[in-house]
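Dear colleague,

I am handing over a structure that you have not worked with before. Please look through it first, and then read the notes that follow it.

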Amino acid sequence: DESAARLAYETIVAEAFPAEYADRWYTPPELEIGGRSDQMKIACLSGSINGMSFKGCRTIAQYSDMVMYLTGNVFEDRWLTMEQFRRLVERVDAKMYRASQLSPDGP
């Protein structure tokens, strides 16, 4: 139910963005989206893989009685870019919102 989803959202956010590292997580301007969720947190943490800079991004959102958790390693100009990650978040957000609007005995 919605209460359980709210509690799950808060728990997942606390685990995904530990308080002791709160100053390292930030929301890039490209990922500041309104979204259709009841609540959403998007933040990234800079890192390096084999000397290549990237941002490990996480998106957590609650839609009524559902919770979505999406992660991605975002690079400047290859594999998954910030623009592509934003489009992915927007598409998942739209689909989760539509799913949250369906009645339990509907299609």
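In what follows, Ala, Val, Leu, Ile, Met, Phe, Trp, Tyr, Cys and Pro count as nonpolar, Asp, Glu, Lys and Arg count as charged, and the others, Gly among them, count as polar. Please keep in mind throughout that this is a predicted model.

With those classes in hand, the largest pocket can be described. It holds about 170 Å³ of space, and its lining is made up of Glu30, Ser46, Ser53, Phe54, Lys55, Val74, Phe75, Glu76, Thr81 and Met82. Sorted by class, this lining has four nonpolar, three polar and three charged residues. The element that gives the most to the lining is S2, with three residues.

Strand S2 also takes part in a pairing. Strand S1, which covers residues 39-49, runs antiparallel to strand S2, which covers residues 52-63, and eleven bridges join the two. Within this pairing, Met40 stands opposite Ala61 in S2. The two strands form a hairpin with two residues between them.

The link of Cys44 and Cys57 is right-handed, with 105° about the S-S bond. Are the two cysteines buried or exposed? Because buried means under 20% relative accessible area, Cys44 counts as buried at 0%, and Cys57 is buried as well, at 1%.

Two backbone angles also deserve a careful look. Most residues other than glycine have a negative phi. Asn50, however, has a positive phi of about 50° although it is not a glycine, and Asn50 is found in the loop between S1 and S2. Trp79 is a further residue other than glycine with a positive phi, in this case near 55°, and Trp79 is found in the loop between strand S3 (66-74) and helix H2 (82-101). Since exposed means over 50% relative accessible area, Asn50 counts as exposed at 84% relative accessibility, and Trp79 counts as exposed at 62%.

With kind regards

Note on methods. Residues numbered from 1 in each chain as written. Predicted model: local features only at pLDDT ≥ 70, side-chain atom pairs only at ≥ 80, totals over all residues. Heavy atoms only, no water. Pairing = 2+ DSSP bridges. Helix = DSSP H or I, 4+ residues; strand = E, 2+ residues; numbered from the N terminus. 1 Å grid on protein atoms, 1.4 Å probe; cavity = no way out; pocket = protein on both sides within 12 Å on 5 of 7 lines; lining within 4 Å. Points joined across faces, edges and corners; volume = space filled by probe spheres on them. Buried < 20%, exposed > 50% of the residue type's maximum accessible area, 1.4 Å probe, protein only. Disulfide = S-S within 2.5 Å.
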